[in-house]
Amino acid sequence: MMKTYTYSICHPDKKEIEYKKEILSPKNVLEIAKNYPWMERLKFVESLGKESVYYNPSLDFTCIQDGRSFCLTSDYNKEEVLEFSLWYNRPKNVKILFGLLGRREKMVLDEVWSIDFQTSLQHLQYFVDEEYEKIESLFMSS
C-alpha cells in the first residue's frame, strides 16, 4: 500500500503553523518541496524586522500511516547560498532508565544542519521511498 502524507508550512511572519488539509502522494511531497519559493521566502525574512520573524521558511511532511515526519527548514550560509536543516521524527528503540527497564519504542527527533538543496531533496526522496536507513546514515555522520 502506498503511503500518504499531510504537510504543514511555517511562515516567517506568522505565529501559527499552517496545516494543509490535502492528502499527498510521495510524488506530491517531492513536487511541493522542489517548487516551494525558498529563496523568495528567505528574502522576505530579511525584509522583516528580527522581532517580526517567528520561523525560518519550513515544510514538514508527515506520513499518515506511521506518524514519521521529515521537515526541511531553509536558511542561507555565509556565502548566501540556500541550505537546510533537516528534522526527522521517527520511532526508535530507546533504553528505559539506562537499560535497567529494558527498551521500548518512542518517537525521536534528529536534526542535521547545513545541507544543500539537492542533498535535502535526496533525503526527502528516501523518506517517501521508505529508505529510512539512508536517512539515518546522514544523522549518524553528522
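Tutor: Glu18 is placed in strand β2, which covers residues 18-19. The model is a predicted one, and every value below is computed from it. With a relative accessibility of 29%, Glu18 counts as partly exposed. Setting aside residues up to four places away in sequence, Glu18 touches Tyr7, Ser8, Ile9 and His11.

Next comes the start of the chain. Strand β1 spans 5-10, and Thr4 lies in the segment before it. Thr4 has a relative accessible area of 19%, and because the limit for a buried residue is under 20%, Thr4 counts as buried. Its contacts, leaving aside neighbours within four places in sequence, are with Ile23, Leu24, Thr62, Cys63, Ile64 and Gln65.

Gln65 can be followed from its own side. The loop that holds Gln65 runs between β3 (58-63) and β4 (69-76). Here the relative accessible area is 35%, so Gln65 is partly exposed. Apart from neighbours within four places in sequence, Gln65 is in contact with Met1, Met2, Lys3 and Thr4. Gln65 and Tyr5 are 60 residues apart along the chain, while their C-alpha atoms are separated by 8.2 Å.

The cysteines come next. Which cysteine sulfur is closest to that of Cys10, and at what distance? It is the sulfur of Cys71, 6.2 Å away, which is too far for a bond. A disulfide is a covalent bond between the sulfur atoms of two cysteines. The cut-off applied here is 2.5 Å between the sulfur atoms, and by this rule the protein has zero disulfides. Cys71 is in no disulfide, its nearest cysteine sulfur being that of Cys10. Cys10 is buried, with 12% relative accessible area. Cys71 also counts as buried, at 11% relative accessibility.

Now to the helices. Two packed helices are described by the angle between their axes and the distance between the axes. For α1 (residues 26-35) and α3, the axes come within 10 Å and cross at roughly 165°. The limit for roughly antiparallel is over 145 degrees, so α1 counts as roughly antiparallel to α3. The handedness of this crossing is right-handed. Sorted by class, the residues in the contact of α1 with α3 are eight nonpolar, one polar and one charged.

Phe117 deserves a separate note. This residue belongs to helix α3, which covers residues 117-128. Not counting residues up to four places away in sequence, Phe117 touches Ala33, Lys34, Trp38, Leu82 and Phe84. From Phe117 to Lys34 the C-alpha distance is 8.9 Å, across 83 residues of sequence.

Two backbone angles remain to be mentioned. Most residues other than glycine have a negative phi. Ser114, in strand β6 (residues 103-116), has a positive phi near 60° without being a glycine. Glu130 is not a glycine either, and its phi is positive at about 60°. Glu130 sits in the loop between α3 and α4, the latter spanning 132-141. At 35% relative accessibility, Glu130 counts as partly exposed.

The protein has four helices and six strands, in the order β-β-α-α-β-β-β-β-α-α from the N terminus. The C-alpha atoms fill a box of roughly 50 × 35 × 30 Å along the principal axes. Of the 142 residues, 40% are buried; Thr4, Cys10 and Cys71 are among the buried residues. Among contacts between residues at least 6 apart in sequence, 53% join residues at least 24 apart.

How values were computed. Residues are numbered from 1 along each chain as its sequence is written. This is a predicted model: local features need pLDDT of at least 70, side-chain atom pairs count only at pLDDT 80 or more; totals for chains, interfaces and linings use all residues. Side-chain values use heavy atoms; hydrogens and water are left out. Helices (H or I, at least four residues) and strands (E, at least two) are DSSP runs, numbered from the N terminus. Contact means heavy atoms within 4.5 Å. Axes are lines fitted to C-alpha atoms, for helices over the stretch in contact, and angles run from 0 to 180 degrees between N-to-C directions. Angles under 35 degrees count as roughly parallel, over 145 as roughly antiparallel, 65 to 115 as roughly perpendicular and the rest as oblique. A crossing is left-handed if the near helix is turned anticlockwise from the far one by less than a right angle, and right-handed if clockwise. Ala, Val, Leu, Ile, Met, Phe, Trp, Tyr, Cys and Pro count as nonpolar, Asp, Glu, Lys and Arg as charged, and the others, Gly among them, as polar. Buried means under 20% relative accessible area, exposed over 50%, partly exposed in between (1.4 Å probe, protein chains only).
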